[in-house]
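Good morning, colleagues. Please bring up the sequence and the structure, and I shall go through a few selected sites and then the helix contacts.

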Amino acid sequence: MNQLLKELGQNLIEGNREEVERLTIKALENKISPEEILNEGMLPAMDIVGKKFRDYEFFLPEVLVAARAMKGGMAIIQPLLSQSGIEPVGKVMLGTVRGDLHDIGKNLVGMMLQGAGFEVVDLGIDVTPEKFVEMSRKHSVQLIGLSALLTTTMGAMQDTIQAFIDNNYRENVKIIVGGAPVTDEYARKIGADGYALDAPAAVELAKTLIEN
Ligand code: B1M
């Protein structure tokens, strides 16, 4: 692999945002294409971060700084990628459900999805079921990710899925759910298309659901 991209990937894993930005600019100056920078430098490095997180080698702070470093590099190449007509892996909408203000986990999921090449529309926190439906239509997303951290707001996930059914839009989107109190069993019960325990699992699930 190109030495510069290797160095970029290593800095991404270590969460050195400024170095990732500097090396991204240097790679572009050296005529390395934005696609190569993404596919051979950033994405494999982010995959390693995801694996380390899963294996308890990395913990939340390391994942967050790596994700921020990735965002820094992505911000530089993203306009060039859209110019060159490269399609994102898919378009995902995320939000923390009605009544719930926790967003650290959701943001992590969003960053890792972006890191994996997804376009992410983030609706923020305390998102009503109606807003999810309205914004899904507006942005034509393929997959919606609902996050809840409170046992008292989990019910809003079901209400959100029901709102998609009531608005005859359920067939147009896949819906996944996650957050500390949520379980696979609960996801099935409320008719979600899937449950992810953490951010790397959400990325894997999103990839699988969008491919099928
Ligand atoms: Co609150 N809070 N909080 N809180 N808070 C919890 C969740 C709680 C477990 C603390 C406790 O009592 N031990 C408890 C919930 C109890 C329950 O319902 N079972 C609780 C409570 C009670 C409350 C308030 C009611 C407190 C009060 O006011 N009396 C209040 C509610 C406000 C509201 O939402 N309406 C409240 C408020 C807050 C703060 C605002 C102060 C702050 C949130 C700040 C913010 O998010 N910007 C806060 C925090 C920080 C926490 C704890 C300490 C940490 C949560 C966190 O960010 N974890 C939390 C206790 C804890 O979890 N240890 C707690 C780190 C984050 C990375 O993990 O969000 O779980 P998490 O995300 C994980 C996975 O869950 C998953 O991926 C992430 C990891 O990769 N995931 C998804 C998350 N979303 C996903 C979506 C997916 C897939 C995976 O697909 C779409």
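Tyr 56 is exposed, since its relative accessible area is 63%; here exposed means over 50% relative accessible area, buried under 20%, and partly exposed in between, with a 1.4 Å probe and protein chains only. This residue sits in the loop between α3 and α4 (60–83), where helices (H or I, at least four residues) and strands (E, at least two) are DSSP runs numbered from the N terminus. Tyr 56 is not a glycine, yet its phi is positive, at about 60 degrees. As background, most residues other than glycine have a negative phi.

Before I continue, the basis of these values: this is a predicted model, in which local features need pLDDT of at least 70 and side-chain atom pairs count only at pLDDT 80 or more, while totals for chains, interfaces and linings use all residues. Residues are numbered from 1 along each chain as its sequence is written, and side-chain values use heavy atoms, with hydrogens and water left out.

Ser 140 also has a positive phi without being a glycine, with a value near 45 degrees. Ser 140 lies in the loop between α6 and β3, just after α6. Is Ser 140 buried or exposed? Ser 140 is exposed, because its relative accessible area is 51%.

I turn now to the ligand. Which residue is the only protein donor of its cobalt atom? The donor is His 102, through NE2, at 2.2 Å. Donors are N, O and S atoms within 2.8 Å of the metal (3.2 Å for Na, K and Ca), and water is not among the atoms, so sites may look incomplete. His 102 is located in the loop between β1 and α5 (104–115).

Thr 153, in the loop between β3 and α7, counts as buried because its relative accessibility is 5%. Its side chain makes a polar contact with the side chain of Asp 100, at 2.7 Å. A polar contact is a pair of N or O atoms within 3.5 Å; within protein, one must be able to donate a hydrogen and the other to accept it, and residues adjacent in sequence count only if both atoms are side-chain atoms. Not counting residues up to four places away in sequence, Thr 153 touches Val 97, Arg 98, Gly 99, Asp 100 and Ala 148.

Val 182, in the loop between β4 and α8 (184–189), is buried, given a relative accessible area of 2%.

Arg 170 is found in the loop between α7 (155–166) and β4 (174–178). Why does Arg 170 count as buried? Because its relative accessible area is 14%. The Arg 170 side chain reaches the backbone oxygen of Val 173 at 2.9 Å. Leaving aside neighbours within four places in sequence, the contacts of Arg 170 include Ile 161, Phe 164, Gly 191 and Asp 193.

The axes of α2 (residues 17–29) and α3 (residues 34–54) come within 10 Å and cross at roughly 135 degrees. That makes α2 oblique to α3; angles under 35 degrees count as roughly parallel, over 145 as roughly antiparallel, 65 to 115 as roughly perpendicular and the rest as oblique. Axes are lines fitted to C-alpha atoms, for helices over the stretch in contact, and angles run from 0 to 180 degrees between N-to-C directions. Thr 24, Ala 27 and Leu 28 of α2 make the contact with Pro 34, Ile 37 and Met 42 of α3.

For α1 (residues 3–13) and α3, the axes come within 9 Å and cross at roughly 35 degrees. From α1, the contact is made by Leu 5, Leu 8, Gly 9, Leu 12 and Ile 13, and the α3 residues include Ile 37, Met 42, Ala 45 and Val 49. Buried residues of α1 include Leu 4 and Asn 11. At the start of α1, a side-chain oxygen of Asn 2 comes to within 2.7 Å of the backbone nitrogen of Leu 4. After α1 comes Gly 15, with a positive phi near 75 degrees.

Terms used: Contact means heavy atoms within 4.5 Å.
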